Structures are given as structure tokens and as C-alpha cells.
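Have a look at the sequence and the structure first, then read on.

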Amino acid sequence: MIKTGHKLLLTVITLCALGQAACDTERDPCLEPVTVALTMHTYRLADTGTAIIDSSFTNALLGPLDSDKVIYQAKAIPAYRITLSPMADTCRWYLQPDSAQSKKRDTLVFHYKRKLQFLSNACGYTYYYTVDSVRSTIRNFADTLHAIDSVRLNNGDVNGKADVTHLKIYIHKKS
Amino acid sequence: MLLRAVKIWSLLCLFLAGAVVARAQADTTEPEQDAKKVYTLPHQLRFGIDISRPITNIFLKTRQSYEFQVDYAIKNEVYLVAETGWGNANIDYPDLRYKSSNPFLRVGVDKTMLTRIAASDWDMLFIGMRYGFAPIKRSDATYTTTDSLWGNTSGTIQGKNLTAHWLEVTAGVRVEMFKDFFLGWNIHGRFLLNQKPFRELPPSFIAGYGKGDKNTIFDYNFYVSYALRWGRKK
């Protein structure tokens, strides 16, 4: 049997706890990215030998084609993260190695499948992608308008996992 | 995260407070030979209502629920328990909209940890187990994905009927504040048994369980109860 004083204590504690019950949150905060990104890494052949090394442009521009938006004005960064369009199964990006030379620009074309993905009630839905192929403009002999030598799809699953290089871009040695 | 930590800490404090009360009770008990005394008890059927739900219903616009409890004292300070209720969720976020509703039933047992000191002593500090299930109806859901670069997309996910099954462990306190009237709380740890159907747009709130997108839930109830007593057990 519990004493009257303790019963009073129980009442006070219960009232405090009921007050706390009123502080439940409506929606949990979203703690994960709701847009997944495709990571591209640029490489080039070393000046001597056959080694492949990181390549970075001094003042590159990167953005979706047919749009005025510029995503990167990157300096000396060999890795870029871009998003794919959730509105279509293909999208195009441009890579301009030097912001001062607007005519010298490469195009990357991504072909992929979209998958609607539920994240959580806190974050809602997003799209994951499976990239089937990537095409790009390629620097040919005596070409001065393009910089890319070749591209290689390293991992086509774009699903928000970190530390994944999806696309490897090999820059021409003379660019 | 901080709010959750505060809540867990508060619940622990509440549980400890219960233990302190129980300890105080233990201090007042008679010597051991009296504690083993067997009492002839009346039948007791107790009805409770969770008074915390109407309060949270006032403050939370996205969900409503009501919970009730009935327990019956059987032998060896063990109680058969059934808990029932219903609730609904009305999710109206900018990027996600749907409704869900469900009744629920939890059944199980509670075991009192206090030693009875008189036939009229029905105060209890207890632990218990439950099995719970809830048939859930979720409406069509409309979603919007936001993308500042390419533009937003939206669509509809078809509605679905789901059934949740879970097990839970519980602990709590009931104190007879006035004759036949009890006040007390339960804390619950709930473990969803069938997780697979809840991976694709689980209801934000399942009455009787909690957040539908969590496989493990900690929850609480605050009950006001009334006991009916009659006859004598043989």
C-alpha cells in the first residue's frame, strides 16, 4: 500500500508527464538528402608514362544543357556531383573546362531508368536512377573545341550511397 | 533527437519515481511471515481510459487516437489485460498527403512486483507482455518531389489495407487514489513483427502502436481506472 504523500507525488508526476505528452512533434525532421546525386571524377594521362592521374580544371563550368543555370564554377576539383532529371529518362549536361572560353565545351548525355523511392514520412519520396549508358562529345584529331577523350560508366546505380564514383571522365592529354 | 532524449530520460525518471514509491511501500510492509500471508480476495475487473490521448489530440492536428484498458485479476497477482481503441492520421505535408485509420487490440498479462499487505491493497508496480494487432486502412497518397534544378514532380500512390502485428513489453504503476479509482501509467517497448509490408509508405501513425515507419517504438499511457469488485474468490 502506498502512502498518501506518495500518492500526491504520483499525481504531480502524472500531470507533468501529461504536459510532456502535449509536446509530441507533428513530423520528424528529415535527416537525409532528398535528392540523390551522380558523382563524376575526371582523370587524364600523365605527361610521362601510362599512369592515369586526377585531372582538375582551373576554372570549369558545369551545368544542364538548354538551361542558363550553372551548377559549378569549380577550381581545381576533380570530382563533380550532378543530378539527373526526374522528368525524363535522359538528360544532358555541359562541361566547360575554362569559363573564359565559352565555345570550348563538351556535352554529356545520360540515359537511365527512374524509380520512385519512398524515403520516410519525414522526407517523402525521391527518385533513384539506374544509368544505362553515357555518351559524350570526344576530342578528335586536331580538335580544339572538346576536352574529353572518353567516358566510362563505373557504377550505374544512383541511389544516394556515398563514396561511389559513377562516371569516370578521361580528359584528353592535350586539353 | 534532443527532444527524444529528453522524453526517454523523463520516462526513465518516471519509472524510477515509481520504483521509489514502491520502495517506500516496501518499507511499510510487515515482517516476512506476514508478507507470505494468503488473502481471500474479491473478483476485480478494472476499466481504464488513457487520459494522455485526448490531450495529445488537442495539440497534434495530424493524428487522433483513443485508448481503453480492461484487466482482470487472476491468481498469484497476475492480471489478464486487454487494451483497445482506435485512431487516425491525416497527413497534409507540402510533399505528402494521405489519410489512414485503424482500430487495434492488445492482449496480454501483467504481473505485480509488490507484495500485497492487505486484502484491500490493490496498488501495483508491474511488468507485463502484450501481443497487439491493428488492421489499417490507408487512402491514396499524393506526393511531390522537389528539385530546384529540373522541377518538381508529383503523382499518386494507390491506397492499401495493411495489418500490423507486434509484441511489446511493458511496465507501470497503478495506485488506488480513492476507493475503486486508480491512477497510473505504463511505458511500452513495442517490436513490429511484420516489417515488410511497411517499407512502402507506412502510415505515419498507427493507433495502438505509434509511428508506422519505426520497427521499434517506445510509448506511454496514463490511465485513470475504475475497479468493479464482487464476491470472493475460492
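On a 1 Å grid over the protein atoms alone, a cavity is a set of points where a 1.4 Å probe fits but cannot get out, and its lining residues have an atom within 4 Å of a point. This is a predicted model, in which local features need pLDDT of at least 70, side-chain atom pairs count only at pLDDT 80 or more, and totals for linings use all residues. Residues are numbered from 1 along each chain as its sequence is written, and chains are lettered from A in the order in which they are written.

**A closer look at Asp123(B)**
- You can find Asp123(B) in the loop between strand 4 (96-112) and strand 5 (124-138) of chain B; strands are DSSP runs of E with at least two residues, and helices are runs of H or I with at least four, numbered from the N terminus.
- Asp123(B) counts as buried because its relative accessible area is 6%, and buried means under 20% (1.4 Å probe, protein chains only).
- The Asp123(B) side chain reaches the backbone nitrogen of Glu176(B) at 2.8 Å.

**The second largest cavity**
- This cavity has a volume of about 30 Å³.
- Among its lining residues are Arg53(B), Asn57(B), Gln64(B) and Phe205(B).
- Helix 3 (52-59) and strand 2 (63-73) of chain B each supply at least two residues of this lining.

Terms used:
Side-chain values use heavy atoms; hydrogens and water are left out. On a 1 Å grid over the protein atoms alone, a cavity is a set of points where a 1.4 Å probe fits but cannot get out, and a pocket is an open set with protein on both sides within 12 Å along at least five of seven lines; lining residues have an atom within 4 Å of a point. Grid points are joined across faces, edges and corners, and a volume is the space filled by probe spheres set on the points. Buried means under 20% relative accessible area, exposed over 50%, partly exposed in between (1.4 Å probe, protein chains only). A polar contact is a pair of N or O atoms within 3.5 Å; within protein, one must be able to donate a hydrogen and the other to accept it, and residues adjacent in sequence count only if both atoms are side-chain atoms.
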